[in-house]
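Please read it alongside the sequence and the coordinates.

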Amino acid sequence: MSSAVIVTEGLTKRYGSTLAVDHLDLQVERGEVFGLLGPNGAGKTTTVLMLLGLSEPSEGRATVLGLDPTRQALEVKRRVGYLPDSVGFYERLSGRQNLAFVARLNGVPGDEAERRIGELLELVGLSEPADEPTGTYSRGMLQRLGIADALVKDPEILVLDEPTIAIDPQGVGEILQLIRDLRDGRGVTVLLSSHLLYQVQEVCDRVAIFVAGRLVSHGTVEELSRRLVGNRQTFEVGVRGDPEVAAREIRATPGVETVVRERGLLVVAAEDDVRPQILARLQAAELQAVHLRQRGSELDEIYRRYFERSHGDVG
Amino acid sequence: MSGEARTGSTGGLAAGAPRRRPGWVTVARKEFADHVNSVRLTIVIGLLALTAIAAVYAAAGQIRDVASEATGDPSLFLRLFVLEFGDTAFDFTFFTFVSLVGPLLGIVFGFDAVNSERSERTLPRLVAQPIYRDDIINGKFVAGLSVIALVLAGLTAVVAGVGIVRLGIVPTPVDIARLVSWLVLSIVYVGFWLAFALLCSVLLRRAATSALTAIGVWIVASLFATFIVQIVADTFAPVPEQPTAQEALANVRLRQTLGRFSPGFLYEEAASAILTPEIRTLGFSLSLLDPRAVPSRLSLPQSLSIVWPQTVALVALTIGAFAIAYVVFMREEIRA
């Protein structure tokens with residue numbers, strides 16, 4: 001047996017004549033953070049709903065923890081925590097009461113529920129406002145309460161749909177740290193969907209890029225990068241001094257293909273990692289490099305490529 | 001969502017798992033607590049209590065006026081609920097009051113049951129819990145019906161209490177039994193409107209639209225239904241200026257048949273017979289013209305047996321409305 005906890009084979013969902021998810025084949029391993037990435041309307045939420053048995057696949061099948069989400073929906077929902085896209089709570093109930101309701105629905109006994117909820121509120125940093133009505137919470141607080149809510153049932157898999165949406169940068173950092181802690185501390189498998197790559201790339205062990213219902217690529221961020229650009233690399237170089245001279249110098253470095261000026265930086269495309277050569281060259285020309293950053297392996301770049309490639313297909 | 005049908009798939013695991021309360025009980029308890037703490041309950045109770053007490057006060061006054069001739073009337077207490085009061089151009093009794101205003105009670109606790117879960121975005125979270133999807137709608141219906149039962153029982157108790165104090169008559173056990181039967185009937189009737197409001201809340205995404213629709217139907221059904229029925233009956237069974245008995249009878253029969261499609265009409269028919277032992281038959285009968293008919297009183301089981309068809313029809317309407325809401329809710333996609 002492989003350690004895959006989520007497997008989809010040819011998973012397809014049609015709404016009328018539109019294909020929301022098109023023959024999706026995925027495997028998520030136990031204990032990893034898996035990112036489902038793609039623009040809005042790419043079919044991420046639909047996929048998530050099918051994994052939870054909240055929507056029936058038109059074709060193909062999904063297996064979650066060895067169970068069929070359509071036939072064994074209850075058992076799947078017992079073991080999978082779900083944070084929906086822009087989660088909501090009963091506004092007149094406090095955060096604690098909202099979680100207590102979910103604990104009762106999951107059959108968690110009273111004192112155990114109380115203990116667990118106290119712990120989780122502490123974990124997401126909501127101990128203080130826990131007894132205020134959730135109507136007074138900010139979006140970020142609701143999102144964190146949503147994560148606590150998904151954890152009340154002590155799940156083996158955590159499914160987070162757009163966990164960082166509408167949250168300020170500091171809040172995003174906190175949520176990502178929380179996700180990391182959950183994976184490392186509790187061994188929870190996390191499947192998260194997002195269209196904000198910058199934000200989630202650092203936390204994902206593996207990602208799948210999703211455009212217009214189709215899986216365009218998947219693997220670790222480095223794998224994707226290698227597959228996409230081969231050994232080709234892109235760097236940003238910032239130089240103190242005349243940028244024209246610097247550009248000329250860099251262009252003359254063996255292996256460099258193009259140099260483009262972009263907002264005060266020089267963007268260098270090269271066949272290989274030629275950073276040491278560039279630096280040596282600049283030094284020889286008595287130019288001081290103040291910024292040097294590799295761009296090629298970043299998800300954003302990859303994603304933009306795929307996104308641009310299928311431009312027009314996306315609604 | 002046929003996939004969520006209650007198949008035996010979880011049966012094997014249930015043995016080892018701790019005993020859990022069924023999902024609908026948890027949902028119903030939460031909804032009930034919400035209703036009880038809601039402002040709308042306070043408003044509805046205030047409105048109903050004011051009207052009801054005014055109504056029974058007037059009825060009690062009239063009973064006192066006629067008390068001399070009514071001495072020895074064994075069901076004097078029940079008169080409180082059936083006596084017409086005020087300007088009798090409009091035969092307004094306590095049970096017609098329930099028939100008119102009761103629907104409001106049902107609508108108030110149902111019109112936003114499902115669509116508010118959507119607009120507050122709590123539905124996706126709720127359906128991701130290990131409960132069957134129908135637990136949600138069943139729990140909401142049970143919670144609404146429980147609150148309605150409480151309010152109606154409380155209201156009846158207040159009216160009876162006011163009557164006892166003001167009239168000084170103590171109800172007999174049979175009176176109480178009749179009152180309880182009427183109460184059950186009233187709960188079923190208001191339950192129909194609860195189910196209808198629930199249906200609106202499933203079909204219409206916005207709570208305001210849903211409330212307006214439900215209230216609109218309620219007003220049309222209670223105020224204009226009689227007119228509509230009359231127009232239809234006069235069209236299909238016209239009554240000339242000098243009608244024969246047959247023509248007049250055909251018109252009345254048609255009116256009654258059409259009227260029986262309305263829950264309000266069914267309820268009023270059944271309620272009047274339960275609360276008035278003298279009513280021997282429902283609908284049109286020539287017995288009044290028969291001088292040999294001896295005025296007498298029916299026992300409670302006899303009264304119940306003549307209202308049985310109305311009661312069954314009312315229960316069927318309620319179940320029908322709920323079933324439509326249930327099916328639509330079960331088939332809906334969670335997103336969208």
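In chain A, G95(A), N98(A), L99(A) and V102(A) of α3(A) meet L145(A), A148(A) and D149(A) of α5(A), where a contact requires C-beta atoms, placed from the backbone, within 7 Å. This is a predicted model, in which local features need pLDDT of at least 70 and side-chain atom pairs count only at pLDDT 80 or more, while totals for chains, interfaces and linings use all residues. Residues are numbered from 1 along each chain as its sequence is written, and chains are lettered from A and ligands numbered from 1 in the order in which they are written.

**Helix pair in chain A**
- The axes of α3(A) (residues 95-105) and α5(A) (residues 139-151) come within 9 Å and cross at roughly 25 degrees.
- The two helices, α3(A) and α5(A), are therefore roughly parallel to each other, a term for angles under 35 degrees.

**Confidence**
- The predictor gives the complex an ipTM of 0.81 and a pTM of 0.83.
- Chain B has a mean pLDDT of 81, pLDDT being the predictor's confidence in each residue, from 0 to 100.
- Over residues 1-17 of chain B, pLDDT stays under 50, and the model has 18 contacts beyond four places in sequence for them.
- Where pLDDT is low, the predicted coordinates should not be read in detail.

**Helix α9 of chain B**
- Of the 31 residues of α9(B), 22 are buried, meaning that 20 or more other C-beta atoms, placed from the backbone, lie within 10 Å of a residue's own.

Note on methods:
Two residues are in contact if their C-beta atoms, placed from the backbone, lie within 7 Å. A residue is buried if 20 or more other C-beta atoms lie within 10 Å of its own, exposed if 12 or fewer, and partly exposed in between; C-beta atoms are placed from the backbone. Helices (H or I, at least four residues) and strands (E, at least two) are DSSP runs, numbered from the N terminus. Axes are lines fitted to C-alpha atoms, for helices over the stretch in contact, and angles run from 0 to 180 degrees between N-to-C directions. Angles under 35 degrees count as roughly parallel, over 145 as roughly antiparallel, 65 to 115 as roughly perpendicular and the rest as oblique.
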